[in-house]
Amino acid sequence: MTPNSRTNSDNASGTNVPTQHHFSQKHLLGISHLNPVEITELLDRAEAMVDISRQPRKAKHSLKGRTQINLFFENSTRTQSSFEIAGKRLGADVLNMAVQTSSVKKGETLIDTAATLNAMQPDVIVVRHAASGAVELLSQKVACSVINAGDGTHEHPTQALLDALTIRRNKGRLNGLTVAICGDIANSRVARSNLLLLGAMNARTRVVAPKNMLPTGVEHMAAEVFTDMEEGLKGADVVMMLRLQHERASGKMIPSVREFYHFYGLDERKLAFANDDAIVMHPGPMNRGVEIAPTIADGPRSVITEQVEMGVAVRMAVLEALLANGEAS
C-alpha cells in the first residue's frame with residue numbers, strides 16, 4: 001500500500017466503525033484515556049488534514065477566533081513548531097510562551113502559572129513538562145482544554161497518534177501488525193504511549209532493549225520482550241527506534257556508544273531479520289551511528305520524514321476535535 005493510501009477500518013475488533021462525533025474528551029492527557037473508536041476518529045480526522053496541508057493554500061478556518069497557548073517547560077523545536085503550524089493552519093491565534101524568560105524562572109509555581117493563563121481565557125493550552133503528571137495537574141486548574149505534549153517519562157499522546165497514522169497509511173491497518181520498539185524503553189514516554197495505542201488497536205507489540213533500559217513491569221506493557229535485537233526483529237512489520245535519553249536516566253546507561261551500536265543500533269544486518277517490507281520509524285531527534293545507521297535513516301524503508309508531516313496533521317485533528325467538542329458541550 002502506498003503512503004497516500006487510507007483506511008477507516010481499524011478498531012479493537014478490526015471491523016468498520018463510524019468515526020464521526022465520537023470524540024467526547026475535553027483534554028488529551030494520554031492515550032490511556034482514549035478508547036479505540038476515539039483513536040480511530042482522530043486518525044480519520046488527521047487524514048483530511050493531510051489533504052489540507054498538501055494544498056497550495058494550507059488554510060482551514062475552523063478555529064478562527066480561538067486562542068492556543070503553547071507552554072513548553074522543556075525544549076522541543078520539533079513538537080512545538082508542529083503544534084504552532086497546526087494551530088495557524090486552522091486559523092487559531094497561537095501564542096508561544098517563553099518559559100525560559102517567564103515568571104516560572106522567578107519562582108512562580110505551576111499552579112500560579114495555570115491561574116495566570118486561565119485568566120487570559122485561552123481555548124486550549126499545549127503543555128510539555130519534565131515532571132510526569134504535571135500536565136494533568138495543570139488541566140485541573142484551568143477552564144480550557146489541555147493537550148499533553150510530553151510529561152516526564154509518562155506519555156506523549158500526539159506522537160503515538162502520528163506514528164499510528166504513519167503506520168496505517170503505509171500498511172493499510174494497525175490490527176494484526178507486529179511492531180518492534182527498540183532502544184531506551186525505560187525513559188521513553190513515546191514508547192509508553194505507542195504501546196498503549198497499538199495494544200488498544202490489536203497490533204502485536206514488542207520491546208527490544210538491554211535489561212537496564214527495560215522498565216519494571218514491561219511484560220504487562222508489551223506482548224513480547226527481547227534483549228536480543230536480532231530475535232526481536234524477526235518477522236516485524238514495523239521497526240521503531242528510540243534515542244538514548246541521557247537527560248532522564250539515573251547513572252550511566254551504556255559502557256560506550258560503539259558497543260551500544262554494535263548490539264542495538266539498527267543497521268542493514270539487523271534490519272534483514274525483519275520482514276522484507278518492514279518500515280523504519282524514529283520519533284526524533286536521531287543520533288545517527290548510535291541507534292540507527294545513516295543508510296537506514298535515509299533509506300527507502302524509512303518513513304521518518306513522513307512522521308514529521310503526519311505530526312502536523314494529527315495535531316490539527318486533535319485541536320479541532322477538542323475545540324469542536326467544547327462547542328458542543
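**A walk through the model**

Modeller: Happy to! Please keep in mind that this is a predicted model.

Colleague: Now the largest pocket: between which domains does it lie?

Modeller: Look at who supplies the lining. Residues come from both domains, so the largest pocket lies between domain 1 (27–155 + 309–322) and domain 2 (157–245 + 252–303).

Colleague: How much space lies in the largest pocket?

Modeller: Its lining is made up of 30 residues. Elements giving two or more residues to that lining are α2 (77–89), α5 (157–171), α6 (189–200) and α11 (304–328). The space in this pocket comes to about 500 Å³.

Colleague: How do the residues of that lining divide into nonpolar, polar and charged?

Modeller: Gly is counted among the polar residues here. With that in mind, the lining of the largest pocket splits into 9 nonpolar, 13 polar and 8 charged.

Colleague: Which residues of the UniProt "binding site" annotation that covers Lys106, Arg189 and Arg243 are in the lining of the largest pocket?

Modeller: That annotation comes from an unreviewed UniProt entry and covers Lys106, Arg189 and Arg243. One of them, Arg189, lies in helix α6. From this set, the pocket lining takes in Arg189 and Arg243.

Colleague: There is a further "binding site" annotation, with Arg78 and Thr79 in it. Which of its residues does the pocket lining include?

Modeller: The unreviewed UniProt entry lists Arg78, Thr79, Arg128, His156, Gln159, Gly284 and Pro285. Thr79 belongs to helix α2, and Thr79, Arg128, Gly284 and Pro285 are among the lining residues nearest the pocket centre. The lining includes Arg78, Thr79, Arg128, His156, Gln159, Gly284 and Pro285.

Colleague: Is the peptide bond from Gly284 to Pro285 cis or trans?

Modeller: Pro285 is in the loop between β9 (279–281) and α10 (294–297). Omega for the bond from Gly284 to Pro285 is near -5°, and the bond is cis.

Colleague: Last one: over the ring of which residue does the charged end of Lys270 sit?

Modeller: A charge has to be within 6 Å of the ring centre to count. The charged end of Lys270 is 5.8 Å from the centre of the ring it sits over, and that ring belongs to Tyr261.

How values were computed
Residues numbered from 1 in each chain as written. Predicted model: local features only at pLDDT ≥ 70, side-chain atom pairs only at ≥ 80, totals over all residues. Heavy atoms only, no water. 1 Å grid on protein atoms, 1.4 Å probe; cavity = no way out; pocket = protein on both sides within 12 Å on 5 of 7 lines; lining within 4 Å. Points joined across faces, edges and corners; volume = space filled by probe spheres on them. Helix = DSSP H or I, 4+ residues; strand = E, 2+ residues; numbered from the N terminus. Domains from an automatic or database assignment. Lys NZ or Arg CZ within 6 Å of the ring centre and 35° of its normal. UniProt positions renumbered as here; feature names shortened; annotations may be inferred.
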